[in-house]
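Please consult the sequence and structure shown below alongside the text.

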Amino acid sequence: MSTSEHEGPIVRLAARFHDNGHLLALVVLTVVIGGVSALVGLPRIEDPRITTRNALIVTTLPGAPALRVETLVTDKIEDRLRELADRLRNVSGTEIVRRFGAPEEELTVTLDPRESAALGLSAADLAQRIAAADARTAAGMLRAPQRDLLVEVAGELDSAARIARVPVARDRQGGLVRLGDIATVARNWREPPATIALADARRSVLVATRPTQDVRLDAWTRAARAVVDEFRRDIGGGVGVDVVFEQNQYTERRLAGLGRNLLLGALVVMCVVLVAMGWRSALVVGTALPLSAAATVFSLGVLGESIHQMSVFGLIVAVGLLIDNAIVMTDELRERLRAGAAPRAAVAGAVAHLGVPLFASTFTTVLGFMPILLLPGNIGDFVRPIALSVILALSVSFVLSMTVIPALAARIGPGGGGRSLWRHGFSSARLGGAYRRGLAWIVGHPRAAIAASLVLPLAGFLAAATLPSQFFPPADRDQFEIQVWLPTDTAVAATARTVVAIDAVIRGHAGVLGTTWVAGASSPPVYYNQLEDQDGSPAYARGVVRVEDAALAQVLIPALQQELDGRLRDARIVVKSFGQGPPVSAPVGFRIYGHDPAILRVLGESVRRVMHEIPAITHTRASMVGGEPRLWLAADEAEAGLAGFSLRDVTGQLQSALEGLPGGSVIEDTEELPVRVRFGDAERSNPDRIAGLSLATGSGWVPAAALGALELRPGIASITRRNGLRVNTVEAWTRQGALPIEIGRAVSARLAATGFELPAGYRMEPAGDSEEQQRALRQLATWLPVLITLMLATVVLSFRSFALAALIGLVAVLSLGHGLLSLWLGGFALGFNPIIGSAGLVGVAINGTIVVLAAIRADPLARVGRRDAVAAATLRSSRHIIATTLTTVAGFVPLIAFSSGDFWPPLAVIIAGGVGLSIILSLVLTPAVYVLLGRHRAAQPAPAPAVVPLSPA
């Protein structure tokens with residue numbers, strides 16, 4: 001058989017699939033194998049990786065007193081830890097390996113203050129002499145006629161004994177004074193340590209490692225586990241090696257749960273199709289599900305994406321959508337076959353008839369999800385995979401519905417015999433008659449029908465005003481974190497002792513399986529949006545608690561918050577769930593910009609006082625605070641000048657004496673140890689000894705106290721800047737279950753009520769969840785108008801009518817009201833999840849109206865507004881609308897009914913509710929409005945039908 005020359009390439013391709021069974025089978029097999037192969041090979045992670053786009057710069061002047069490490073770590077253990085880190089780096093696919101709590105080894109040159117002062121040498125002078133004694137660099141080349149030889153000077157620094165032999169001066173008798181004569185050179189651990197790590201209340205070193213994004217986490221985890229097991233066997237019994245956190249178990253659990261929801265959704269959808277269309281049509285339509293899913297997964301692999309909760313959820317969203325085209329195509333083909341058309345002619349006719357309309361339907365739905373796909377920044381990293389999966393699935397579904405599906409439907413045939421549920425799907429003469437009478441009433445009383453169809457959307461918009469706001473709900477997880485802030489002058493060892501006390505309280509509760517802590521810096525992140533912004537903070541600690549299950553975590557968080565606040569009143573302790581979405585340092589916050597640190601500090605304290613009047617706020621913190629005790633040397637500049645040095649010289653000598661200066665390094669095998677020159681612990685830890693420190697003048701020395709007295713005075717702990725401006729960031733943490741955005745509004749209202757005003761030249765902006773949601777909404781709004789315009793342009797070009805495009809726009813707006821009503825009935829907050837669900841809902845819900853308008857425009861009598869013809873056209877399109885709407889809603893049922901936590905159900909509810917209730921807009925509002933518009937169309941020439949029944953869901 002030859003294809004007509006008038007048939008387009010899509011029609012000819014579909015006919016070729018029908019004619020060549022081998023081609024059809026091979027294409028199906030290729031799609032399935034490609035999808036399975038991609039599913040096996042694609043990287044798997046729990047959550048999408050959020051790119052770090054902000055850098056935090058912390059400028060510090062070391063000043064903590066000397067402290068002894070609580071538990072000394074032997075050279076053997078330290079070497080073994082480096083070995084473990086090196087082994088993990090060698091695991092294929094490893095991106096980062098970091099150690100937390102490991103002591104830093106160095107060669108310490110501890111000066112005798114009297115001896116060095118007698119020689120007129122400062123710590124800086126001695127550090128320069130040590131560095132100058134290192135002859136490690138090449139001294140040039142011997143250039144001979146036959147060969148070139150490298151020339152070096154013997155005497156590189158290679159041991160503590162070599163450093164002790166460095167000559168530093170001559171005594172009064174002309175003898176040589178070596179460094180070992182006036183200082184002790186020894187290999188030590190640097191004190192105080194930068195960080196102290198604890199695991200299950202034991203001093204530990206944490207080795208954290210993370211794979212790259214392009215590897216399968218389960219395979220990489222097995223390889224890393226094997227390395228750890230081998231390392232444990234090698235070191236024997238003296239050192240314990242435990243795995244305290246493994247991401248893969250959470251990834252497998254999350255993906256398994258979403259996978260079950262995906263399969264359940266597909267099963268429910270297929271049951272709906274079977275009831276609506278019978279087994280033959282269900283078999284054809286059901287083929288579209290695995291084929292579309294396989295092709296979508298393969299496409300994700302081609303684009304370099306990973307399998308995680310967002311991409312899987314995108315497939316769940318698409319389950320009810322991707323068979324809509326298949327339903328319409330199968331139903332159209334079945335009607336043509338029943339009308340007596342030959343199978344090949346039925347394929348060509350159905351594809352030619354539905355090609356443009358189904359493309360328009362798919363395109364408008366894709367446009368609905370494009371704002372989500374185009375979101376930039378952290379929020380885009382997080383939610384973009386949802387839109388990408390949906391768009392890929394819809395695109396693949398359209399291609400399959402134009403090629404493979406009609407060929408399969410023609411080969412299976414429409415089935416014969418009398419009507420039955422098994423063969424042809426559900427039908428009821430009684431319900432059909434009642435529906436016809438209902439349509440007759442709608443077109444006979446259009447104004448009343450329009451008023452009735454507006455009740456639920458308007459109720460939804462009114463209900464939305466009462467919905468609380470929430471950016472993202474907390475994570476449903478068997479872990480939670482604890483952050484601890486102590487007074488800024490707290491030493492890291494004291495912070496670690498506080499952590500031990502907190503850990504004892506935590507471990508006193510039943511169901512606690514393990515704890516890990518790092519004092520002095522952020523702990524290794526175990527959740528995708530944990531920030532690492534506290535490096536070099538001795539007064540800070542962060543811990544992660546693992547319990548038996550997520551339900552126990554939700555019980556323990558408020559209980560521990562109350563108990564710890566009561567027991568440790570000197571510490572600011574925040575116990576909280578992990579949060580979803582982009583990372584924020586605190587859920588509630590405000591930034592105050594200005595030029596005067598003192599005024600910024602006062603304004604920040606005013607905001608904090610108001611915050612503490614809100615019962616749901618547990619703790620607050622400002623980035624600029626005063627009152628930090630500091631020792632000030634009230635040096636007399638004139639006296640210092642007479643002594644032979646400036647105040648800057650005084651500062652430099654005190655800094656080098658107390659904190660030390662680098663004096664080169666020593667290489668032992670492959671390890672490079674820094675050399676640090678400083679005074680001993682006795683001089684560094686006692687104010688009286690600091691006052692008596694000898695400051696070298698070049699011709700002698702003077703004690704520091706001779707330049708002025710040491711005074712204990714308060715000072716500014718830090719000055720923070722943002723975008724080049726001084727800023728005081730005031731942050732607050734809330735009780736479990738509180739809504740941060742609502743609390744932020746309450747703080748703003750309370751500030752206004754108390755008459756809080758900013759001086760001229762100062763301004764304040766929100767931070768935390770409120771800022772992130774506002775930024776995300778601005779980014780969403782940037783693209784939304786353009787995409788809505790493209791959507792309406794598609795409709796205008798299809799119907800050649802601005803009035804009908806306006807009707808479809810009205811339906812889009814009213815469908816949002818339906819979605820908001822569903823959200824209100826479900827008892828959920830209005831967060832960003834429902835907002836992005838609304839963006840997708842707009843593109844999906846209007847397709848039902850497009851179906852009805854297409855059917856009306858295809859009938860000459862209905863097109864001019866004849867009421868019985870409009871009712872008949874609406875009746876003919878109802879089967880498509882009801883079937884595809886039910887499949888869309890059915891795809892979300894498992895996610896709503898069986899998903900734990902509050903993250904996915906709000907998004908599923910607003911889409912499913914909005915699409916489900918949009919059937920009222922399609923079958924009631926649309927024909928009623930068209931009847932009212934009909935008399936204005938009677939005199940217009942009838943164009944060729946541009947659109948026919950589409951997928952509404």
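The model is predicted: local features require pLDDT of at least 70 and side-chain atom pairs count only at pLDDT 80 or more, while totals for chains, interfaces and linings use all residues. Residues are numbered from 1 along each chain as its sequence is written, and side-chain values use heavy atoms, with hydrogens and water left out.

**Nonpolar cores**

A nonpolar core is here a set of buried Ala, Val, Leu, Ile, Met, Phe, Trp, Tyr and Cys residues joined through side-chain atoms within 4.5 Å. Buried means under 20% relative accessible area, exposed means over 50%, and partly exposed lies in between (1.4 Å probe, protein chains only). The largest such core comprises 92 residues, and F369, I379, V383, F472 and F832 have the most contacts inside it. Helix α33 (residues 905-934) supplies the largest share of this core, 15 residues. Helices (H or I, at least four residues) and strands (E, at least two) are DSSP runs, numbered from the N terminus. Contact denotes heavy atoms within 4.5 Å. Once neighbours within four places in sequence are set aside, the contacts of F369 are V317, L321, A387, V390, I391, G840 and V844. Another core, of 41 residues, lies apart from the largest one; among its members are A288, A294, L337 and V347.

Strand β15 (residues 588-593) is mostly covered, with 6 of its 6 residues buried. In a regular strand the side chains alternate between the two faces of the sheet. Both faces of β15 are covered: V588, F590 and I592 are buried on one side, and G589, R591 and Y593 on the other. Two strands pair if DSSP finds at least two bridges between them. Strand β15 runs antiparallel to β24 (residues 725-734), joined to it by 6 bridges, and G589 has E731 as its bridge partner there. Strand β25 (residues 763-767) is also antiparallel to β15, with 5 bridges between them; in β25, M764 stands opposite I592.

**Salt bridges**

A salt bridge is a side-chain nitrogen of Lys or Arg within 4 Å of a carboxyl oxygen of Asp or Glu.

| Pair | Closest N to O distance |
|---|---|
| R507 and D200 | 3.3 Å |
| E481 and K576 | 2.5 Å |

R507 is partly exposed at 37% relative accessibility, and D200 is partly exposed at 26%. E481 lies in strand β11 (residues 479-485) and K576 in strand β14 (residues 572-576), so their pairing ties together parts 95 residues apart in sequence. E481 is buried, at 5% relative accessibility.

E731 of β24 and R621 of strand β16 (residues 617-622) tie together parts that are 110 residues apart in sequence. E731 is buried, with a relative accessible area of 11%, whereas R621 is partly exposed at 22%. Salt bridges that share partners join R591, R722, R763, E765, E771, E772 and R775 into one network.

**An exposed phenylalanine**

Nonpolar side chains tend to be buried together in soluble globular proteins. F802, in helix α28 (residues 802-826), is exposed, with a relative accessible area of 68%. The C-alpha atoms of F802 and L792 are 8.7 Å apart in space, the two residues being 10 residues apart in sequence.
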